[in-house]
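Good morning, and thank you for coming.

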Amino acid sequence: MQTFPSGQLKRLLFVLNPISGDINKSQLRATITAYCAERGRRAEFFDTTGDQDIIRLRTLLATDSPLDAVFAAGGDGTVSLVAEALAGSTVPLGILPLGSGNGMAKDLAIPLTLNEALGLIWQHDIRQLDTLRVGGRFTVHLADMGFNACVVQRFAEGGVRGPGAYVRIATREYAGYQPATYQIETDNGTWQGKAFMLTIANANTFGSNVVINPGRALDDGEFEICLIAPFPGIAVPGLLYRLYTSNFDDSDYTQRLSCHRARITVAGARQVLVQLDGEPYMLPCPVEISLQPCSLRVLVPPATAGARLPRP
Ligand SMILES: Nc1ncnc2c1ncn2[C@@H]1O[C@H](COP(=O)(O)OP(=O)(O)OP(=O)(O)O)[C@@H](O)[C@H]1O
(Lines give C-alpha, C1' and ligand atoms only; values in the text may rest on other atoms or scores of the structure.)
Protein backbone atom coordinates (compact mmCIF):
# COMPACT_ATOMS: atom_id res chain seq x y z
CA MET A 1 0.00 0.00 0.00
CA GLN A 2 1.35 3.41 -0.94
CA THR A 3 -0.08 6.55 0.66
CA PHE A 4 0.74 10.22 0.18
CA PRO A 5 0.21 13.08 2.61
CA SER A 6 -1.74 15.92 0.97
CA GLY A 7 -2.09 19.67 1.35
CA GLN A 8 -5.04 21.52 2.86
CA LEU A 9 -8.49 20.76 1.54
CA LYS A 10 -10.53 23.95 1.37
CA ARG A 11 -13.27 23.65 -1.26
CA LEU A 12 -15.38 20.64 -0.46
CA LEU A 13 -18.38 19.13 -2.19
CA PHE A 14 -20.62 16.71 -0.31
CA VAL A 15 -22.74 14.34 -2.38
CA LEU A 16 -25.73 13.47 -0.18
CA ASN A 17 -27.94 10.44 -0.72
CA PRO A 18 -31.18 11.16 1.16
CA ILE A 19 -32.34 7.52 1.27
CA SER A 20 -29.16 5.54 2.05
CA GLY A 21 -29.08 3.37 5.14
CA ASP A 22 -32.63 4.24 6.13
CA ILE A 23 -31.09 7.09 8.16
CA ASN A 24 -32.92 10.39 8.67
CA LYS A 25 -30.66 13.02 7.08
CA SER A 26 -32.82 16.12 7.49
CA GLN A 27 -30.18 17.75 9.71
CA LEU A 28 -27.15 16.44 7.83
CA ARG A 29 -26.59 19.40 5.53
CA ALA A 30 -26.79 21.87 8.44
CA THR A 31 -24.49 19.70 10.58
CA ILE A 32 -21.80 19.45 7.88
CA THR A 33 -22.11 23.17 7.01
CA ALA A 34 -21.67 24.19 10.65
CA TYR A 35 -18.82 21.70 11.25
CA CYS A 36 -16.88 23.01 8.24
CA ALA A 37 -17.66 26.71 8.82
CA GLU A 38 -16.49 26.51 12.45
CA ARG A 39 -13.18 25.19 11.17
CA GLY A 40 -12.73 27.60 8.24
CA ARG A 41 -13.98 25.39 5.39
CA ARG A 42 -16.76 25.93 2.87
CA ALA A 43 -19.11 23.04 2.18
CA GLU A 44 -21.13 22.74 -1.03
CA PHE A 45 -23.77 20.11 -1.66
CA PHE A 46 -25.13 17.86 -4.40
CA ASP A 47 -28.25 15.80 -3.64
CA THR A 48 -28.64 12.50 -5.43
CA THR A 49 -32.01 11.67 -6.97
CA GLY A 50 -31.44 8.05 -8.03
CA ASP A 51 -31.82 9.09 -11.68
CA GLN A 52 -28.98 10.24 -13.99
CA ASP A 53 -26.88 11.24 -10.97
CA ILE A 54 -23.58 10.38 -12.68
CA ILE A 55 -24.38 12.68 -15.61
CA ARG A 56 -25.38 15.61 -13.35
CA LEU A 57 -22.37 15.10 -11.07
CA ARG A 58 -19.93 14.93 -13.99
CA THR A 59 -21.43 18.09 -15.45
CA LEU A 60 -21.05 19.89 -12.13
CA LEU A 61 -17.45 18.74 -11.73
CA ALA A 62 -16.61 19.82 -15.31
CA THR A 63 -18.19 23.27 -15.08
CA ASP A 64 -17.55 24.28 -11.46
CA SER A 65 -14.19 25.70 -10.36
CA PRO A 66 -11.83 23.02 -9.08
CA LEU A 67 -12.70 21.27 -5.83
CA ASP A 68 -10.15 19.99 -3.31
CA ALA A 69 -12.21 16.89 -2.41
CA VAL A 70 -15.63 15.38 -3.04
CA PHE A 71 -17.24 13.45 -0.18
CA ALA A 72 -19.80 10.70 -0.73
CA ALA A 73 -22.32 10.86 2.14
CA GLY A 74 -24.19 7.58 1.79
CA GLY A 75 -23.56 3.88 1.30
CA ASP A 76 -21.49 1.90 -1.18
CA GLY A 77 -23.70 2.91 -4.10
CA THR A 78 -23.08 6.59 -3.38
CA VAL A 79 -19.36 5.96 -2.90
CA SER A 80 -19.27 4.19 -6.26
CA LEU A 81 -21.17 7.05 -7.95
CA VAL A 82 -18.68 9.65 -6.71
CA ALA A 83 -15.71 7.34 -7.37
CA GLU A 84 -16.83 6.91 -10.98
CA ALA A 85 -17.13 10.67 -11.44
CA LEU A 86 -13.64 11.26 -9.95
CA ALA A 87 -11.75 8.27 -11.42
CA GLY A 88 -8.82 9.41 -13.54
CA SER A 89 -8.77 12.88 -11.96
CA THR A 90 -6.54 14.23 -9.19
CA VAL A 91 -9.48 15.21 -6.94
CA PRO A 92 -9.71 12.80 -3.99
CA LEU A 93 -12.82 10.99 -2.84
CA GLY A 94 -13.84 11.30 0.81
CA ILE A 95 -16.32 8.95 2.45
CA LEU A 96 -18.95 9.74 5.09
CA PRO A 97 -20.34 6.26 5.77
CA LEU A 98 -24.11 6.72 5.96
CA GLY A 99 -25.34 3.59 4.22
CA SER A 100 -26.74 0.21 5.23
CA GLY A 101 -23.44 -1.68 5.12
CA ASN A 102 -20.64 0.77 4.32
CA GLY A 103 -18.36 -1.98 3.03
CA MET A 104 -15.95 0.40 1.28
CA ALA A 105 -15.51 2.53 4.42
CA LYS A 106 -14.80 -0.61 6.46
CA ASP A 107 -12.22 -1.82 3.92
CA LEU A 108 -10.40 1.52 4.07
CA ALA A 109 -10.62 1.81 7.89
CA ILE A 110 -12.63 5.02 7.56
CA PRO A 111 -14.30 5.93 10.88
CA LEU A 112 -18.00 5.05 10.93
CA THR A 113 -19.09 8.07 12.97
CA LEU A 114 -19.85 11.33 11.15
CA ASN A 115 -17.59 13.63 13.17
CA GLU A 116 -14.63 11.29 12.98
CA ALA A 117 -15.07 10.74 9.25
CA LEU A 118 -15.27 14.52 8.75
CA GLY A 119 -11.97 14.74 10.62
CA LEU A 120 -10.28 13.26 7.53
CA ILE A 121 -10.62 16.72 5.94
CA TRP A 122 -7.76 17.79 8.21
CA GLN A 123 -5.88 14.61 8.92
CA HIS A 124 -5.51 12.08 6.15
CA ASP A 125 -3.30 10.31 3.68
CA ILE A 126 -4.24 9.82 0.06
CA ARG A 127 -4.34 6.28 -1.28
CA GLN A 128 -4.44 5.56 -5.01
CA LEU A 129 -6.84 2.69 -5.62
CA ASP A 130 -7.34 0.42 -8.60
CA THR A 131 -10.79 0.46 -10.18
CA LEU A 132 -12.51 -2.11 -12.37
CA ARG A 133 -14.71 -2.15 -15.46
CA VAL A 134 -17.16 -5.04 -15.48
CA GLY A 135 -19.09 -5.35 -18.73
CA GLY A 136 -18.16 -1.73 -19.45
CA ARG A 137 -19.52 -0.52 -16.09
CA PHE A 138 -17.51 1.02 -13.29
CA THR A 139 -16.91 -0.71 -9.95
CA VAL A 140 -14.38 -0.08 -7.19
CA HIS A 141 -15.41 -2.37 -4.32
CA LEU A 142 -17.09 -5.73 -5.02
CA ALA A 143 -19.18 -7.07 -7.88
CA ASP A 144 -20.82 -10.46 -8.14
CA MET A 145 -22.93 -12.89 -10.10
CA GLY A 146 -25.18 -15.57 -8.65
CA PHE A 147 -26.91 -15.68 -5.29
CA ASN A 148 -25.90 -12.32 -3.82
CA ALA A 149 -26.74 -10.50 -7.06
CA CYS A 150 -30.27 -11.99 -6.87
CA VAL A 151 -30.65 -10.83 -3.25
CA VAL A 152 -29.38 -7.34 -4.10
CA GLN A 153 -31.89 -7.11 -6.94
CA ARG A 154 -34.80 -8.07 -4.64
CA PHE A 155 -33.47 -5.60 -2.05
CA ALA A 156 -33.44 -2.82 -4.67
CA GLU A 157 -37.01 -3.69 -5.73
CA GLY A 158 -38.28 -3.62 -2.13
CA GLY A 159 -39.16 -0.42 -0.33
CA VAL A 160 -37.17 -1.20 2.83
CA ARG A 161 -33.43 -0.60 3.26
CA GLY A 162 -31.03 -1.55 6.03
CA PRO A 163 -29.26 -4.82 7.00
CA GLY A 164 -32.40 -6.46 8.43
CA ALA A 165 -34.19 -6.30 5.08
CA TYR A 166 -31.16 -7.85 3.35
CA VAL A 167 -31.05 -10.84 5.73
CA ARG A 168 -34.82 -11.45 5.38
CA ILE A 169 -34.55 -11.49 1.57
CA ALA A 170 -31.44 -13.73 1.56
CA THR A 171 -33.13 -16.31 3.80
CA ARG A 172 -36.21 -16.36 1.57
CA GLU A 173 -34.25 -16.61 -1.72
CA TYR A 174 -31.88 -19.38 -0.55
CA ALA A 175 -34.48 -22.19 -0.62
CA GLY A 176 -35.33 -21.93 -4.33
CA TYR A 177 -31.99 -20.75 -5.70
CA GLN A 178 -30.57 -22.58 -8.79
CA PRO A 179 -26.77 -22.12 -9.33
CA ALA A 180 -25.57 -21.41 -12.89
CA THR A 181 -22.57 -22.84 -14.78
CA TYR A 182 -19.78 -20.37 -15.54
CA GLN A 183 -16.73 -20.37 -17.76
CA ILE A 184 -14.02 -18.00 -16.55
CA GLU A 185 -11.04 -17.14 -18.74
CA THR A 186 -8.33 -15.02 -17.13
CA ASP A 187 -4.75 -14.02 -17.89
CA ASN A 188 -3.84 -16.61 -15.20
CA GLY A 189 -5.78 -19.61 -16.48
CA THR A 190 -9.35 -20.80 -16.94
CA TRP A 191 -12.04 -22.33 -14.71
CA GLN A 192 -15.36 -23.92 -15.53
CA GLY A 193 -18.12 -25.21 -13.29
CA LYS A 194 -21.23 -24.49 -11.26
CA ALA A 195 -21.06 -21.71 -8.68
CA PHE A 196 -23.47 -20.62 -5.97
CA MET A 197 -21.96 -17.18 -6.41
CA LEU A 198 -18.82 -15.62 -7.79
CA THR A 199 -17.46 -12.32 -6.58
CA ILE A 200 -15.24 -10.06 -8.65
CA ALA A 201 -13.29 -8.54 -5.80
CA ASN A 202 -11.15 -5.43 -5.83
CA ALA A 203 -11.68 -5.10 -2.06
CA ASN A 204 -12.14 -7.51 0.88
CA THR A 205 -15.35 -7.15 2.83
CA PHE A 206 -19.06 -6.80 2.08
CA GLY A 207 -21.05 -4.28 4.12
CA SER A 208 -22.51 -7.32 5.91
CA ASN A 209 -18.98 -8.00 7.28
CA VAL A 210 -18.59 -11.14 5.14
CA VAL A 211 -14.87 -11.22 4.25
CA ILE A 212 -15.04 -12.59 0.72
CA ASN A 213 -11.45 -11.72 -0.29
CA PRO A 214 -9.22 -11.63 2.79
CA GLY A 215 -5.69 -10.26 2.67
CA ARG A 216 -5.87 -8.52 -0.70
CA ALA A 217 -5.62 -4.78 -1.17
CA LEU A 218 -7.54 -2.24 -3.22
CA ASP A 219 -4.27 -1.04 -4.68
CA ASP A 220 -2.38 -4.27 -5.40
CA GLY A 221 -2.78 -4.12 -9.21
CA GLU A 222 -4.87 -7.31 -9.31
CA PHE A 223 -8.42 -8.43 -8.64
CA GLU A 224 -9.75 -11.78 -7.49
CA ILE A 225 -12.63 -13.93 -8.63
CA CYS A 226 -13.88 -15.57 -5.43
CA LEU A 227 -15.94 -18.68 -6.13
CA ILE A 228 -18.37 -20.40 -3.79
CA ALA A 229 -19.47 -23.79 -5.17
CA PRO A 230 -22.98 -25.13 -4.54
CA PHE A 231 -23.06 -26.60 -1.01
CA PRO A 232 -25.44 -28.77 1.03
CA GLY A 233 -27.47 -27.13 3.81
CA ILE A 234 -25.35 -28.92 6.42
CA ALA A 235 -22.30 -26.93 5.24
CA VAL A 236 -23.93 -23.52 5.87
CA PRO A 237 -22.73 -22.93 9.48
CA GLY A 238 -19.10 -23.84 8.68
CA LEU A 239 -19.10 -21.77 5.52
CA LEU A 240 -20.61 -18.73 7.26
CA TYR A 241 -18.09 -19.10 10.09
CA ARG A 242 -15.20 -19.02 7.61
CA LEU A 243 -16.68 -16.06 5.71
CA TYR A 244 -17.08 -14.02 8.90
CA THR A 245 -13.60 -14.90 10.26
CA SER A 246 -11.46 -14.08 7.20
CA ASN A 247 -10.89 -17.77 6.40
CA PHE A 248 -12.39 -17.89 2.91
CA ASP A 249 -9.75 -20.30 1.58
CA ASP A 250 -10.28 -22.91 4.33
CA SER A 251 -13.55 -24.31 2.98
CA ASP A 252 -14.02 -27.23 0.55
CA TYR A 253 -16.53 -25.05 -1.32
CA THR A 254 -14.37 -22.00 -2.01
CA GLN A 255 -11.67 -21.04 -4.49
CA ARG A 256 -9.98 -17.79 -5.56
CA LEU A 257 -8.45 -16.79 -8.89
CA SER A 258 -6.15 -13.74 -9.01
CA CYS A 259 -5.87 -11.93 -12.32
CA HIS A 260 -5.60 -8.64 -14.20
CA ARG A 261 -8.37 -9.28 -16.71
CA ALA A 262 -11.08 -11.86 -17.21
CA ARG A 263 -14.02 -12.88 -19.35
CA ILE A 264 -16.99 -14.68 -17.79
CA THR A 265 -19.52 -16.65 -19.80
CA VAL A 266 -22.71 -18.03 -18.26
CA ALA A 267 -23.91 -21.28 -19.87
CA GLY A 268 -27.06 -20.74 -21.92
CA ALA A 269 -27.41 -17.04 -21.06
CA ARG A 270 -27.30 -13.97 -23.29
CA GLN A 271 -27.55 -11.70 -20.27
CA VAL A 272 -26.52 -12.07 -16.66
CA LEU A 273 -27.56 -10.30 -13.49
CA VAL A 274 -24.52 -8.60 -11.94
CA GLN A 275 -24.27 -6.71 -8.66
CA LEU A 276 -21.85 -3.78 -8.89
CA ASP A 277 -21.03 -1.95 -5.64
CA GLY A 278 -24.48 -2.77 -4.31
CA GLU A 279 -26.51 -2.02 -7.47
CA PRO A 280 -28.02 -4.71 -9.73
CA TYR A 281 -27.58 -4.59 -13.53
CA MET A 282 -28.40 -6.94 -16.42
CA LEU A 283 -25.23 -7.14 -18.55
CA PRO A 284 -24.71 -8.85 -21.91
CA CYS A 285 -22.79 -12.16 -21.85
CA PRO A 286 -19.88 -12.78 -21.95
CA VAL A 287 -18.80 -10.18 -19.39
CA GLU A 288 -15.33 -8.68 -19.83
CA ILE A 289 -13.49 -7.43 -16.74
CA SER A 290 -10.50 -5.10 -16.79
CA LEU A 291 -8.49 -3.29 -14.12
CA GLN A 292 -7.39 0.35 -14.19
CA PRO A 293 -4.44 0.58 -11.79
CA CYS A 294 -4.08 3.53 -9.37
CA SER A 295 -7.00 5.38 -11.00
CA LEU A 296 -8.81 6.75 -7.94
CA ARG A 297 -7.45 8.94 -5.13
CA VAL A 298 -9.13 8.41 -1.76
CA LEU A 299 -8.76 10.12 1.63
CA VAL A 300 -7.87 7.54 4.28
CA PRO A 301 -6.83 7.82 7.92
CA PRO A 302 -3.18 8.78 8.24
CA ALA A 303 -0.72 5.95 8.69
CA THR A 304 0.91 7.81 11.56
CA ALA A 305 -0.74 10.18 14.03
CA GLY A 306 0.02 13.75 12.95
CA ALA A 307 -1.39 17.19 13.61
CA ARG A 308 -4.39 17.62 15.86
CA LEU A 309 -7.79 18.38 14.39
CA PRO A 310 -8.70 22.04 14.65
CA ARG A 311 -11.30 22.80 17.29
CA PRO A 312 -14.10 25.30 16.67
N1 LIG B 1 -33.14 10.73 -3.92
C2 LIG B 1 -33.15 9.40 -4.13
N3 LIG B 1 -34.34 8.74 -4.15
C4 LIG B 1 -34.38 7.40 -4.35
N5 LIG B 1 -33.27 6.64 -4.54
C6 LIG B 1 -32.05 7.25 -4.52
C7 LIG B 1 -31.94 8.65 -4.31
N8 LIG B 1 -30.63 8.97 -4.35
C9 LIG B 1 -29.95 7.81 -4.58
N10 LIG B 1 -30.80 6.79 -4.67
C11 LIG B 1 -30.44 5.37 -4.86
O12 LIG B 1 -29.72 4.94 -3.68
C13 LIG B 1 -28.95 3.80 -4.04
C14 LIG B 1 -27.59 3.85 -3.41
O15 LIG B 1 -27.72 3.75 -2.01
P16 LIG B 1 -26.41 3.53 -1.13
O17 LIG B 1 -25.67 2.35 -1.63
O18 LIG B 1 -25.66 4.79 -1.04
O19 LIG B 1 -27.01 3.22 0.30
P20 LIG B 1 -27.35 1.81 0.96
O21 LIG B 1 -27.74 0.84 -0.10
O22 LIG B 1 -28.33 2.07 2.05
O23 LIG B 1 -25.99 1.42 1.66
P24 LIG B 1 -24.89 0.25 1.38
O25 LIG B 1 -24.65 0.22 -0.11
O26 LIG B 1 -23.64 0.66 2.11
O27 LIG B 1 -25.45 -1.00 1.91
C28 LIG B 1 -28.90 3.79 -5.55
O29 LIG B 1 -29.75 2.74 -6.01
C30 LIG B 1 -29.46 5.11 -5.98
O31 LIG B 1 -30.08 5.05 -7.23
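What distance separates the centres of domain 1 and domain 2, taken over C-alpha atoms? The centres are 26 Å apart. This is a predicted model, in which local features need pLDDT of at least 70 and side-chain atom pairs count only at pLDDT 80 or more, while totals for chains, interfaces and linings use all residues. Residues are numbered from 1 along each chain as its sequence is written.

Domain 1 covers 3-129 + 295-300 and domain 2 covers 137-294; the bounds come from an automatic or database domain assignment. Between them, 23 residues of domain 1 are in contact with 22 residues of domain 2, contact meaning that C-beta atoms, placed from the backbone, lie within 7 Å. On the side of domain 1 that touches domain 2, α3 gives the largest share, 5 residues.

I turn now to a sheet. Six strands form an open sheet in the order β13-β12-β11-β8-β15-β16, with antiparallel pairing. Strands (E, at least two residues) and helices (H or I, at least four) are DSSP runs numbered from the N terminus, and two strands pair if DSSP finds at least two bridges between them. At the edges, β13 (254-259) and β16 (279-284) each pair on one side only. Within the sheet, 5 bridges join β11 (residues 197-201) to β12 (residues 223-228), and A201 stands opposite E224 in β12.

Finally, helix α6 (residues 147-157) lies across β8, β11, β15 and β16, at about 75° to β15. Such angles run from 0 to 180 degrees between N-to-C directions, with axes fitted to C-alpha atoms, for helices over the stretch in contact.

Key
Contact = placed C-beta atoms within 7 Å.
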